[in-house]
Amino acid sequence: MLVTFAPAMQKLRNILDARHLARISVTTVVSMAVFQTSYPPSSCAFSAEARGTLVEVLKPANVQIDYALFTAPGPVVRNGGLSYQNIFDATIDAFYWAMEREGVTDVGVAVSETGWPSGGNGNFTTPELALTYNKNLAIHIAKNGTPKRPLAYVEGYIFAMFNENLKLAGVEQHFGLFFPPNRLVYAVSPSY
């Protein structure tokens, strides 16, 4: 059963507006499991259970690694007149299409957690691949926009600051940029 955060968010919005603090945004995290369908992006719609609530979006099961790492040399997915070279843009546009189906056209999408694990699943999770993903993510979002909304500001946050050795063994332990307390997992450069 999905928990509806919308009433609480509306209450916060009303309080901020009443105090003349309209510039402060009210946001929440939505994962990837709320779509009835998630491919292609233009077919995305929230599930019946999710409509009007905050939900999670299912991730596709078999994704080309270059499509995931922002390294595809050309379009991997074509959706009508739009072409996608990375799953990041396709996922954001999927949210735009699903929101439009609900009559919401003026809300931006911020990606609150994205990253690549540096271990936990063999050759698919290495420090080199994690560095490639995070570097290419930073370069990509600095350009703004998606195929559906090329002029939109895209905000994204890398998950996570530290590896979490108390999580269950596997990839979930390896998303951090640092080993606790402060040793880098791989070289991070501010010059992306």
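View 1. Glu 100, with a relative accessibility of 27%, counts as partly exposed, a class that lies between buried (under 20% relative accessible area) and exposed (over 50%), with a 1.4 Å probe and protein chains only. Glu 100 lies in helix H3 and Arg 149 in the loop between H4 and E6, so this pair ties together parts that are 49 residues apart in sequence. Their side chains meet in a salt bridge at 3.1 Å, N to O, the term being used for a side-chain nitrogen of Lys or Arg within 4 Å of a carboxyl oxygen of Asp or Glu. The side chains of Glu 100 and Lys 148 also meet in a salt bridge, at 3.2 Å, N to O. This second pair links distant parts of the chain, Glu 100 being in helix H3 and Lys 148 in the loop between H4 and strand E6 (155-158), 48 residues apart. Lys 148 is partly exposed, with a relative accessible area of 24%, and Glu 100, Lys 148 and Arg 149 are linked in a network of salt bridges.

The model is predicted, so that local features need pLDDT of at least 70 and side-chain atom pairs count only at pLDDT 80 or more, while totals for chains, interfaces and linings use all residues. Residues are numbered from 1 along each chain as its sequence is written, and side-chain values use heavy atoms, with hydrogens and water left out.

**View 2. The salt bridge of Glu 172 and Lys 167.** The side chains of Glu 172 and Lys 167 meet in a salt bridge at 3.6 Å, N to O. Glu 172 is partly exposed at 39% relative accessibility, and Lys 167 is likewise partly exposed, with a relative accessible area of 29%. The structure holds 4 salt bridges.

**View 3. Thr 91 within helix H3.** Thr 91 belongs to helix H3, residues 87-101, where helices (H or I, at least four residues) and strands (E, at least two) are DSSP runs numbered from the N terminus. The side chain of Thr 91 reaches the backbone oxygen of Ile 87 at 2.8 Å, and Thr 91 is buried, with a relative accessible area of 18%.

**View 4. Lys 143 in helix H4.** Lys 143 has its place in helix H4, residues 127-143, and is exposed, with a relative accessible area of 62%. Between Lys 143 and Val 154, which are 11 residues apart in sequence, the C-alpha to C-alpha distance is 8.5 Å.

How values were computed
A polar contact is a pair of N or O atoms within 3.5 Å; within protein, one must be able to donate a hydrogen and the other to accept it, and residues adjacent in sequence count only if both atoms are side-chain atoms.
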